[in-house]
Amino acid sequence: MLVLSDDERAYLKQEFNNMQAHKWVDGLFDNAKVFPYTSEMPENTYVYDFTKPVFIRNDTLCFFYEASSLKIYGRGYIEGELAVYKKVNHKWIKWITVFTMIS
């Protein structure tokens, strides 16, 4: 179980709200291209979406959202999850799934 302090909750809320202003750039990964949410998703394309990681507790816990989308034959499919990762022996492991969505 994870219990957040009032300060941690306020910090997370501030960081999540500020993410809308964060801009990724093309080429962050091989063959990566950034396009705005307002644009139409290209047909027959996988799209991966993720947030900046948000660290708390001296960088030992990390909140991270990731999703993948596919548009094929005019229909869109998406799945995503917000999870808390914990640093254990210098490696990040998924510790808690906050929510999962599939549509």
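This is a predicted model: local features need pLDDT of at least 70, side-chain atom pairs count only at pLDDT 80 or more; totals for chains, interfaces and linings use all residues.

**Entry 1: a charge and a ring.** I began with K86, whose charged end sits over the ring of W95, 4.6 Å from the ring centre.

**Entry 2: confidence.** The chain has an average pLDDT of 89, and 96% of the residues score at least 70. Strand β2 (residues 54–56) has the highest confidence, with a mean of 98, while β1 has the lowest, at 82.

**Entry 3: the overall layout.** I counted 1 helix and 5 strands in the chain. Along the sequence they come in the pattern α-β-β-β-β-β. The C-alpha atoms fill a box of roughly 45 × 25 × 25 Å along the principal axes. Of the 103 residues, 26% are buried.

**Entry 4: aromatic pairs.** How many aromatic pairs does the structure hold? I found 7. One of them is Y65 with F99, a tilted pair with 6.2 Å from centre to centre and 35° between the planes. I noted both numbers because a pair of aromatic rings is described by the distance of the centres and the angle of the planes.

Y65 belongs to strand β3 (residues 61–72) and F99 to strand β5 (residues 91–102), so this pair ties together parts that lie 34 residues apart in sequence. Are the two partners buried or exposed? Y65 is buried, at 17% relative accessible area, because the cut-off for buried is under 20%. F99 is partly exposed, at 39% relative accessibility.

**Entry 5: an aromatic cluster and a surface patch.** I then listed the members of one aromatic cluster: W24, F29, F50, F64 and Y85. Next I looked for nonpolar residues on the surface. W24, V25, L28, F29 and V34 form a patch there, with about 450 Å² of accessible area together. W24 and F29 turn up in my notes for the cluster and again for the patch.

**Entry 6: the loop between α1 and β1.** L28 counts as partly exposed, at 40% relative accessibility. E43 has its place in the loop between α1 and β1 too, and is partly exposed with a relative accessible area of 36%.

Terms used
Residues are numbered from 1 along each chain as its sequence is written. Side-chain values use heavy atoms; hydrogens and water are left out. Patches are made of residues with over 30% relative accessible area and no salt bridge: like charges are joined within 9 Å, nonpolar side chains (Val, Leu, Ile, Met, Phe, Trp, Tyr) within 5 Å. Accessible areas come from the Shrake-Rupley method with a 1.4 Å probe; for residues, only the protein chains shown count as cover. A salt bridge is a side-chain nitrogen of Lys or Arg within 4 Å of a carboxyl oxygen of Asp or Glu. Buried means under 20% relative accessible area, exposed over 50%, partly exposed in between (1.4 Å probe, protein chains only). pLDDT is the predictor's confidence in each residue, from 0 to 100. Helices (H or I, at least four residues) and strands (E, at least two) are DSSP runs, numbered from the N terminus. Rings of Phe, Tyr and Trp (its six-membered ring) pair if their centres lie within 6.5 Å; planes under 30 degrees apart count as stacked, over 60 as edge-to-face and the rest as tilted. A charge sits over a ring if NZ of Lys or CZ of Arg is within 6 Å of the ring centre and within 35 degrees of the ring normal.
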